[in-house]
Amino acid sequence: MNIFPRTFPALLAKLETPGHVAERCLNQKLKGVEGIYDRYDYLDEKREALTKLALIVSSLQI
């Protein structure tokens, strides 16, 4: 069982990442009008969210 699809968005939510940015980090297509008309790539927002997540993951002692 792959827990990544559930854990990743949960961690992003804990980091207070907006839902639409988290969806784009997962490379998921947005539904409805937003998915059709919002063509902004959110690159800076995704970079910030993934950098925060990387800091958490890198601090884990595995």
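**Aromatic pair, exposure and core**

Mentor: A search of the whole structure finds 1 aromatic pair. This is a predicted model, in which local features need pLDDT of at least 70, side-chain atom pairs count only at pLDDT 80 or more, and totals for chains, interfaces and linings use all residues. Residues are numbered from 1 along each chain as its sequence is written, and side-chain values use heavy atoms, with hydrogens and water left out.

Trainee: Why is the pair of Y40 and Y42 called edge-to-face?

Mentor: Rings of Phe, Tyr and Trp (its six-membered ring) pair if their centres lie within 6.5 Å; planes under 30 degrees apart count as stacked, over 60 as edge-to-face and the rest as tilted. The ring centres of Y40 and Y42 are 4.6 Å apart and the planes stand at 70 degrees, so the pair is edge-to-face.

Trainee: What makes Y42 count as buried?

Mentor: Buried means under 20% relative accessible area, exposed over 50%, and partly exposed in between (1.4 Å probe, protein chains only). Y42 has 12% relative accessibility, so Y42 counts as buried. Y40, at 42%, is therefore partly exposed.

Trainee: How do you know whether Y37 is buried or exposed?

Mentor: The relative accessible area of Y37 is 65%, so Y37 is exposed.

Trainee: Which residues make up the largest nonpolar core?

Mentor: A nonpolar core is a set of buried Ala, Val, Leu, Ile, Met, Phe, Trp, Tyr and Cys residues joined through side-chain atoms within 4.5 Å. The largest has 8 residues: F8, L12, V21, A22, C25, Y42, A49 and L53.
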